[in-house]
Amino acid sequence: MNGEQLVAVHRNHNGEILSFQTSSGRIISYRKAMLEAEEGLIEGIHVAEEEDGSMSMIPAASSSFDEFPSFY
């Protein structure tokens, strides 16, 4: 793999993901991560359209981001 990967998450008090840390150390918002994953800049992430039309990200190596460590 040559692109960046998501390695950690920052969640709010409700458990919703606010931002990610990348393998190069950048901190990016959920939306920016989704855009970069769609563009192929971040590897190991699938972007999927939900039934309601909203977009979400799913890590390729697991079923959710629950296994990712927190960085805050």
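A salt bridge is taken here as a side-chain nitrogen of Lys or Arg within 4 Å of a carboxyl oxygen of Asp or Glu. The model on display is predicted. By the salt-bridge rule, the count comes to 4.

**Stop 1: the salt-bridge network**

Begin by selecting Glu4, Arg26, Lys32 and Glu36, which salt bridges link into a network. Centre the view on Glu36, a residue of helix α1 (residues 30–38). Is Glu36 buried or exposed? With a relative accessible area of 5%, Glu36 is buried, because buried means under 20%.

Next, display the side chain of Arg26. The closest N and O atoms of the salt bridge between Glu36 and Arg26 are 2.5 Å apart. This pair links distant parts of the chain, since Arg26 lies in the loop between β2 (17–22) and β3 (27–29), 10 residues from Glu36 in helix α1. Arg26 has a relative accessibility of 29% and therefore counts as partly exposed.

At 40% relative accessibility, Lys32 is partly exposed.

**Stop 2: Arg11 and Asp66**

Now select Arg11 and Asp66, whose side chains meet in a salt bridge at 3.3 Å, N to O. Which parts of the chain does this pair link? Arg11 is in strand β1 (residues 6–11) and Asp66 is in the segment after β5, so that distant parts of the chain, 55 residues apart, are linked.

Compare the accessibility of the two partners. Arg11 is partly exposed, with a relative accessible area of 27%. Asp66, at 61% relative accessibility, counts as exposed, because the cut-off for exposed is over 50%.

**Stop 3: Ser64**

Stay in the segment after β5 (55–59) and select Ser64, which is placed there. A polar atom of the Ser64 side chain lies 3.2 Å from the backbone nitrogen of Asp66. Ser64 has a relative accessible area of 24% and is partly exposed.

**Stop 4: the aromatic cluster**

Select Phe20, Tyr30, Phe65 and Phe68, which ring pairs link into a cluster. How many aromatic pairs does the structure hold? It holds 3. For one of them, display the rings of Phe65 and Phe68: their centres are 5.0 Å apart and their planes stand at 70 degrees, so the pair is edge-to-face. The angle falls in that class because planes over 60 degrees apart count as edge-to-face. Both Phe65 and Phe68 are buried.

**Stop 5: the β4–β5 hairpin**

Finally, show strand β4 (residues 45–49) together with β5; the two pair in the antiparallel sense over 5 bridges. Ile45 stands opposite Pro59, a residue of β5. What do β4 and β5 form? They form a hairpin with 5 residues between the strands. Select Gly53 in the turn, where phi is positive at about 95 degrees.

Note on methods. Residues numbered from 1 in each chain as written. Predicted model: local features only at pLDDT ≥ 70, side-chain atom pairs only at ≥ 80, totals over all residues. Heavy atoms only, no water. Helix = DSSP H or I, 4+ residues; strand = E, 2+ residues; numbered from the N terminus. Buried < 20%, exposed > 50% of the residue type's maximum accessible area, 1.4 Å probe, protein only. Polar contact = N/O pair within 3.5 Å; in protein donor to acceptor, adjacent residues only side chain to side chain. Phe/Tyr/Trp six-rings, centres within 6.5 Å; stacked < 30°, edge-to-face > 60°. Pairing = 2+ DSSP bridges.
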